[in-house]
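Please look over the model shown here, chain by chain, before reading the questions about its helices and contacts.

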Amino acid sequence: MLFFKTVIITLLFILAIDVQAEDKKIFSNQFGDVEVPVNPQCVVSLHDFSLTIQLMELGVTPCGSVARKKLWKPAYFRGAQHRFNTDAIKYVGSHSSPDIEAIASLKPDLIIGLSYQKKWVEKLATIAPVVILPTRESHTTIWAEQLASLVNKSDKFKQQQKEYNWILAEFNRLLPNASEISITTLEVYEDNFQLIGRGGLDHVIEDMKLGRVEAYQKAKKGVNYSLERISDFNSDVIVDTYEPLLNSREDTQDFRNSLQWKNLFAIKNNQFLYFHRSRYGESMGGLIGSAYLLSSHLTERPLKSQP
Amino acid sequence: MQALIKPLNTTIDRIFNTTVPVHYKYSVFLSCLFFALLIVCFFHLSLGAKNIPWELAWQALTMPDYTNPDQNIILTIRIPRLYVALIAGGALAIAGVLIQAISHNPLADPGILGINSGAAFFVVIGSVFFSTNSSIYLALSAFLGALFAAGLVFLLSGKNRGAERLILSGVAITALFSAMTAIVLLVDQQGLEKLRHWLTGSIGASDAKKILWVWPYLLVGGIGAIVLTRSLNAYHLGEKVANSLGVNIKRLKIITILSIVLLSGSVVALAGPIGFVGLVVPHMARLFVKNNYLWLLPFALVCGALLLVSADLVARIIIDPYEINTGIVTALIGAPVFIALVIGRLR
Amino acid sequence: MSDIQGNVSKNIPLPNFRTKTLFIKPAPSILLRVRSKDVLSLISFSLLGLVVFLFSISSGSYEISMLKSFKILFSVGNPAQDASKIIWDLRMPRLLAAILCGSALAIAGVVLQSITRNALASPGLIGVEAGASVTLLLFIVALPNIVSSFWLPFSAMIGGVSVALFIYFLSSFGRFLPIRLILVGVGISSILSAISDLLITYGDIDRVESALLWLGGSLHQVDWPQIKVMWLWFAVAAPLIWLLFRELNLLALGDSIAISRGVSNKIIVPVLLICSVILTSASVATVGTLTFVGLMAPHIARQFCGNRHGVLIPLSALVGSVLVLLGDTIGRLLFAPLQLPAGLVIVLFGSPYFIYLIIRLNRQQAT
């Protein structure tokens with residue numbers, strides 16, 4: 001009997017050690033090497049519009065995530081709220097000042113952040129391993145693959161990638177001369193505009209090998225341009241987005257009625273696309289969704305090009 | 001500064017013999033300034049992010065053709081923006097004259113006395129915590145904030161406590177409100193970008209819509225200023241003299257402060273907190289007129305419009321093809337003037 | 001008192017300004033005379049600080065019972081369990097930073113208010129904060145990769161100090177005038193904030209994002225190395241200021257009196273200014289801007305001990321640290337996990353009291 005007990009206990013021990021040994025792996029990317037659990041059970045995301053959404057798409061519900069919040073209103077997980085059930089995600093503060101103790105109280109085994117949050121790594125590392133992903137430095141597919149390997153969902157990522165590549169291939173089959181079609185992604189505000197395509201749009205355009213007008217290639221992104229210059233970006237197709245939370249549709253109505261806007265080639269020829277700004281996040285799903293949107297809009301009608 | 005002003009004044013005096021009636025002299029100066037303003041306005045219309053030939057700018061004014069794309073830019077973007085700059089400049093200048101007059105203080109300005117930052121803080125609080133984006137609330141919270149800050153500054157500076165204290169209370173209140181605004185903006189939320197932009201004082205074509213609902217307040221503030229000229233002239237000689245001339249000091253102060261609040265609150269609602277215009281303009285105007293408020297006000301009005309339109313012009317063309325915020329330009333112009341005044345006047 | 005003011009206004013002719021503005025009531029005391037009342041107030045503020053500290057260390061989003069947290073606190077040799085990590089790595093640096101920066105800002109405030117003889121002077125007004133933040137923005141946004149992130153706080157400090165020195169230089173054209181110091185500071189700060197607006201609007205967005213994280217610096221990101229650096233600066237500057245309490249007493253009475261008693265304001269004023277600038281910029285580099293503390297803490301302290309700097313300096317330091325501790329604790333607990341910055345809480349709760357205080361002081365002076 002005693003012998004039996006000892007054997008079982010020893011076996012259990014060996015098993016436990018085995019599990020523990022297998023439990024960890026080294027993850028490395030441009031921001032360094034981190035020892036992470038192979039099968040993380042509770043992941044905390046430090047950015048809602050990219051990391052949280054991609055995690056949800058991979059089928060992993062993060063146990064905590066940053067979100068946007070007004071006082072006396074529930075937290076708003078931008079881009080994730082309308083696509084997934086976010087009830088199980090605990091709000092842990094904002095991306096610029098997360099509540100580190102709230103993160104700690106979730107007892108996470110992995111924390112994922114962006115490069116500009118590097119200065120917190122040391123502090124957060126006392127709670128759980130912290131991985132920085134290059135969401136702003138690299139293409140979505142690169143960091144999404146890293147994220148998938150972190151949460152042990154590489155299969156799901158491969159499916160997403162496969163679907164995305166298929167749309168790209170199909171798009172280029174239907175529209176072999178894509179580079180001859182110029183497209184501009186912008187956001188018009190009340191008194192200015194920016195060149196920006198959120199929700200993976202700019203990556204999709206690059207991957208589809210669509211053309212850009214010369215002014216766009218030279219232009220600086222993320223800076224307010226004068227509305228007077230909008231005709232510089234007079235491309236065959238123009239994509240803008242609206243944000244219902246900010247009333248942007250109503251606020252920019254005056255400009256959209258103006259001759260400057262109506263004289264743009266894309267507007268004149270009905271080749272203007274107006275999407276929801278937070279429809280997708282910066283994620284694989286964003287790439288896939290935006291790619292479907294673009295390909296159905298661009299391949300299923302005769303496109304006019306500027307002379 | 002003083003070294004610069006004195007020779008200029010003496011030459012001006014020399015050009016116009018003392019035998020020439022003073023009002024005649026002033027009207028000539030005023031019309032010259034007005035002409036300068038017209039020229040700057042024309043520059044404002046024809047220069048900008050997009051190059052538009054002079055002829056087209058002229059045509060847009062004389063025979064507007066909305067179907068011409070370039071003229072359309074002038075008519076729908078630049079002209080509304082010019083209106084906003086003219087009105088904001090004029091209103092800030094009047095507010096500056098009033099505030100310097102009532103506080104006997106050459107360094108006073110709606111910005112430095114915290115009125116602008118109070119208005120801005122209330123607007124930010126309103127839109128962050130109570131999610132009021134609607135325009136009427138914007139004006140209302142701007143006025144409330146301006147009133148609150150003005151009240152606070154005058155409370156803090158105490159009764160008859162001298163000019164220096166007033167400025168310091170203003171500075172403390174400004175620091176307080178702008179620190180609070182900065183802190184509130186840290187509370188993360190979508191849509192704060194727009195607010196941040198507005199906070200540095202931005203003039204835009206879309207602000208022209210807001211003229212429609214602040215003009216009554218501006219009008220009341222302006223009328224207040226005109227009504228006050230006589231009392232202000234007396235007040236300039238000192239409270240005792242004014243009292244003996246039958247001026248009700250308390251009423252004068254209350255009306256002046258209310259006019260200042262109305263004028264600068266409206267400008268904040270229009271274009272955000274634009275600093276230093278109210279400081280610099282009265283000094284500009286005093287180059288021409290000494291201390292006759294009947295003349296000082298129109299001079300300030302024209303100078304203010306001139307200054308803000310020029311600042312806006314610079315803001316629109318200095319980093320082509322971007323536009324920087326007008327408030328940044330006025331701060332970069334006005335703050336050195338302020339420092340020079342401080343160093344020159346406080347010896 | 002009236003002849004003192006007469007003296008001052010004779011020696012500092014201020015055209016366009018009426019000079020009857022002495023606001024801090026000068027109470028001539030040359031030696032460090034500690035009254036029993038002072039000891040009482042020092043002890044009671046220390047006790048208050050201790051209570052807030054103990055409450056703060058045992059509460060937070062991560063629940064640790066008060067008993068357990070005290071156990072962890074007083075048995076240092078405990079193994080690394082989660083709760084002790086929370087207390088030693090997350091809460092402790094934060095609380096120490098609150099105490100250090102609160103006292104640093106309060107002391108800097110006392111010095112500035114006494115030198116300028118003005119109740120409304122505060123460290124934020126002499127351009128240190130603006131200088132520090134513009135330097136940070138420059139190195140993060142415009143010239144990245146020149147300075148490694150380890151040296152960023154240090155460079156911010158250098159920026160703050162040099163802007164303050166520049167302001168001092170500008171304000172001492174002819175002769176040094178306290179009021180000019182403040183007003184020139186206002187002007188320079190506006191120029192600097194225009195420049196930082198430019199950098200924020202036209203810089204690369206990613207870099208601006210991380211710059212804003214630095215600038216918005218709040219207590220939650222403080223770690224042990226930062227505490228050590230902050231402690232170093234504090235230990236250099238604060239005792240030096242306290243040793244100069246006699247000179248501060250005299251300076252608060254007016255330049256002429258100080259000079260007549262052998263205090264050379266050409267040497268003492270710059271030394272005091274540099275010390276207070278060091279304190280301010282060190283705390284800006286550690287926790288970001290907490291403007292209001294330096295303005296308010298000295299006033300509260302003055303309620304208890306008047307203007308005798310020997311007691312006023314340590315007492316305001318205590319008040320300052322209690323203020324920041326309270327502000328930070330409320331800010332992180334009130335709407336957790338939404339973190340309200342300590343500065344906002346201090347301003348929201350402190351400003352009504354401050355306004356009341358100033359109005360009361362005005363009334364007192366009027367009578």
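Predicted model: local features only at pLDDT ≥ 70, side-chain atom pairs only at ≥ 80, totals over all residues.

Residues are numbered from 1 along each chain as its sequence is written, and chains are lettered from A and ligands numbered from 1 in the order in which they are written.

Q: How many helices are there in chain B?
A: Helices (H or I, at least four residues) and strands (E, at least two) are taken as DSSP runs numbered from the N terminus. With zero strands, the count of helices in chain B is 14.

Q: What percentage of the 347 residues in chain B is buried?
A: A residue is buried if 20 or more other C-beta atoms lie within 10 Å of its own, exposed if 12 or fewer, and partly exposed in between, with C-beta atoms placed from the backbone. Of the 347 residues in chain B, the buried ones make up 56%.

Q: How many residues in the contact of H2(B) with H13(B) are nonpolar?
A: Residues are in contact if their C-beta atoms, placed from the backbone, lie within 7 Å, and those that meet include Leu30(B) and Phe34(B) in H2(B) and Val302(B) and Leu306(B) in H13(B). Ala, Val, Leu, Ile, Met, Phe, Trp, Tyr, Cys and Pro count as nonpolar, Asp, Glu, Lys and Arg as charged, and the others, Gly among them, as polar. Beside two polar residues and one charged residue, the number of nonpolar residues in this contact is 18.

Q: Which term describes the direction of H2(B) relative to H4(B)?
A: The axes of H2(B) and H4(B) are 9 Å apart, and the two helices pack at an angle of about 140 degrees. Cys41(B), His44(B) and Leu45(B) in H2(B) meet Ile74(B), Arg78(B), Ile79(B) and Leu82(B) in H4(B). The angle is why H2(B) is described, relative to H4(B), as oblique.

Q: Is Phe276(B) buried or exposed?
A: Phe276(B) is placed in the loop between helix H11 (249-271) and helix H12 (277-288) of chain B, and has a positive phi of about 75 degrees although it is not a glycine. Because 30 other C-beta atoms lie within 10 Å, Phe276(B) is buried.

Q: Which helix supplies the largest share of the side of chain B that touches chain A?
A: In all, 25 residues of chain B are in contact with 27 residues of chain A. Helix H4 (69-102) and helix H5 (115-129) of chain B each supply at least two residues of that side of chain B. The largest share, five residues, comes from H4(B).

Technical notes:
Contact = placed C-beta atoms within 7 Å. Axes fitted to C-alpha atoms, helices over the stretch in contact; angles between N-to-C directions. Parallel < 35°, antiparallel > 145°, perpendicular 65-115°, else oblique.
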